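Have the sequence and the coordinates open as you read.

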Amino acid sequence: MKLNGCYDDLKDSYLFHTVAVRTGEYKEKHPDADIIKLGIGDVTRPLPAACVQAMKAACDEQLTVEGFRGYGPYEGFDFLREAISGYYARRGTKVAAHEIYVSDGAKSDIGNILDLFDRDNTVLVPDPVYPVYVDTNVMCGRKVIYAQANRENGFLPMPDEAVDADLIYICSPNNPTGAAYTREALKEWVGYANSHGALILYDAAYEAFVTDPSLARSIYEIEDSRYCCIEFCSFSKNAGFTGERCGWCVLPDELVVNGKKLADMWLRRQSTRYNGTPYVIQRGAEAAFSAEGMIQTAENIEYYRKNARMIGGCLDALGIYYTGGVNSPYIWMRCPDGLGSWEFFDLLLDKCRVVGTPGEGFGACGKGYFRLTSFNTHEKTAEAADRIRKYFG
Ligand code: PLP
């Protein structure tokens, strides 16, 4: 028996563990400290009532012979695929229900999709980055190269014709930087992918936070993207389904490589390794896109947006550079006074009793940067912003 040696190439992800340990140590020394957590990457608002009611009704159906559901379709129930297709259509984007594949979340899909591709592909990921893109490729020994995101490019790297990449990850609005691509910028990426025979893996998990009309909410808003893009999306950040687990990916009909339709390969993969997202959860997800569900979902997103505005307003007043916070729940700030990410972490904890996430944990280009999130209450976010303004002002 031989182990997968590629696991030895994974960097240990100490980031959130170290944040927890350092915060715990501080708390031990200062038991009365009123610490505010702005490092949370999980939603905190309760689920939309429409989703909970739909899940309750779906549970009740299971009590009856007629309503009982066992294994569902591997691709997801038609009612949910239609609802997702309708969600795109209301924004003027054409994605047919049969091109949508329901899953237990974007994270699983982002990792699982790699089953379709040979190990001998070069993968391009932005730095800093959502660590899943890197680790899932390192686990199978694929070569990973980086597109540097920095202040000069507004943390939105553009394609470089000199670089040869086969699989390209784009996350917009981005975790951790909160930066989001315009349609014009995405046109360049789609052009690069089509001319290089590359495939874009487009993570739209935070699309519901976009307010600026010049920014894309789906890669399929871009011409010719159906030939070179798979989109991943989720009910986690729009409807708060981080615990319920439901997402989807889109494999357009035009996505054909060497005569093989990627959607066929994906269905083959899913039907072999996955037995479908629970019926009850899919009913809840469907309700997120009902008229009532959309209003309730929008209220939750607006709640987080208000928090982001409070943090952004505080950084504006202090003249600190940041990205995100407008079309994203994340605020990516430059550490003040030339401090390193961890130095700033300690200072912020000690002087303001606020916890965030050091940027360098997301990649080398995150050095000297820091991520704050809007996933806390209005009261605590306002208090944190006030403390930061007072200390650094
Ligand atoms: N993509 C990005 C960029 C994320 O930040 C996250 C979660 O934080 C996910 C995907 C995971 O989404 P899901 O909960 O649907 O697995």
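**A walk through the model**

Start with the open sheet of 7 strands, which runs in the order β2-β8-β7-β6-β5-β3-β4 with mixed pairing. At its edges sit β2 (100-103) and β4, each of which pairs on one side only. From one strand to the next, the twist averages 20 degrees. A word on terms: helices (H or I, at least four residues) and strands (E, at least two) are DSSP runs, numbered from the N terminus. Two strands pair if DSSP finds at least two bridges between them. The angles run from 0 to 180 degrees between N-to-C directions, with axes as lines fitted to C-alpha atoms, for helices over the stretch in contact.

Before going further, keep in mind that this is a predicted model, where local features need pLDDT of at least 70 and side-chain atom pairs count only at pLDDT 80 or more, while totals for chains, interfaces and linings use all residues. Residues are numbered from 1 along each chain as its sequence is written, and side-chain values use heavy atoms, with hydrogens and water left out.

Back in the sheet, look at β7 (residues 229-234) and β8 (residues 247-250), which pair in the antiparallel sense over 4 bridges. There you can find E231 standing opposite V250 in β8.

Now for the loops around this sheet. Between β4 and β5 lies F155, a residue that has a positive phi of about 60 degrees although it is not a glycine. The loop between β5 and α6 holds P173, and P176 is found in the loop between β5 and α6 too. Check the peptide bonds here: the one joining S172 and P173 is cis, with omega about -10 degrees. From N175 to P176 the peptide bond is also cis, with omega near 20 degrees.

What about the empty space? Rolling a probe the size of a water molecule over the atoms shows where empty space is left. On a 1 Å grid over the protein atoms alone, a cavity is a set of points where a 1.4 Å probe fits but cannot get out, whereas a pocket is an open set with protein on both sides within 12 Å along at least five of seven lines; lining residues have an atom within 4 Å of a point. Grid points are joined across faces, edges and corners, and a volume is the space filled by probe spheres set on the points.

Searching the whole structure turns up 1 cavity of 30 Å³ or more. The largest cavity has a volume of about 120 Å³. It is lined by 16 residues, with P126, P157, Y169, I170 and Y181 closest to its centre. Both β3 (122-127) and β5 (167-171) supply at least two residues of that lining, and the largest share, 4 residues, comes from β5. By class, the cavity lining has 15 nonpolar, 1 polar and no charged residues. Here Ala, Val, Leu, Ile, Met, Phe, Trp, Tyr, Cys and Pro count as nonpolar, Asp, Glu, Lys and Arg as charged, and the others, Gly among them, as polar.

Where does the largest pocket lie? Domain 1 (8-47 + 293-392) and domain 2 (49-291) both give residues to its lining, so the largest pocket lies between them; the domain bounds come from an automatic or database domain assignment. This pocket holds about 1200 Å³ of space. Of its 45 lining residues, V129, Y130, P131, V132 and F362 lie nearest the centre. The elements giving two or more residues to this lining are α1 (15-29), α4 (106-112), α5 (131-138) and β4 (143-148), and α5 gives the most, with 6 residues. The lining divides into 22 nonpolar, 11 polar and 12 charged residues.

The second largest pocket has about 340 Å³ of space. Among its 19 lining residues, F117, G197, L199, V257 and L262 lie nearest the centre.

Finish with helix α9 (residues 291-318), whose 28 residues reach 41 Å from first C-alpha to last, close to the 40 Å expected at 1.5 Å a residue (the expected span is 1.5 Å times one less than the number of residues). Just after α9, G319 takes a positive phi of about 70 degrees. Further on, 4 strands form an open antiparallel sheet in the order β11-β12-β15-β14, with β11 (322-324) and β14 (357-358) as its edge strands. In this sheet, 3 bridges join β11 to the antiparallel β12 (residues 330-334), and Y322 stands opposite M333 in β12.
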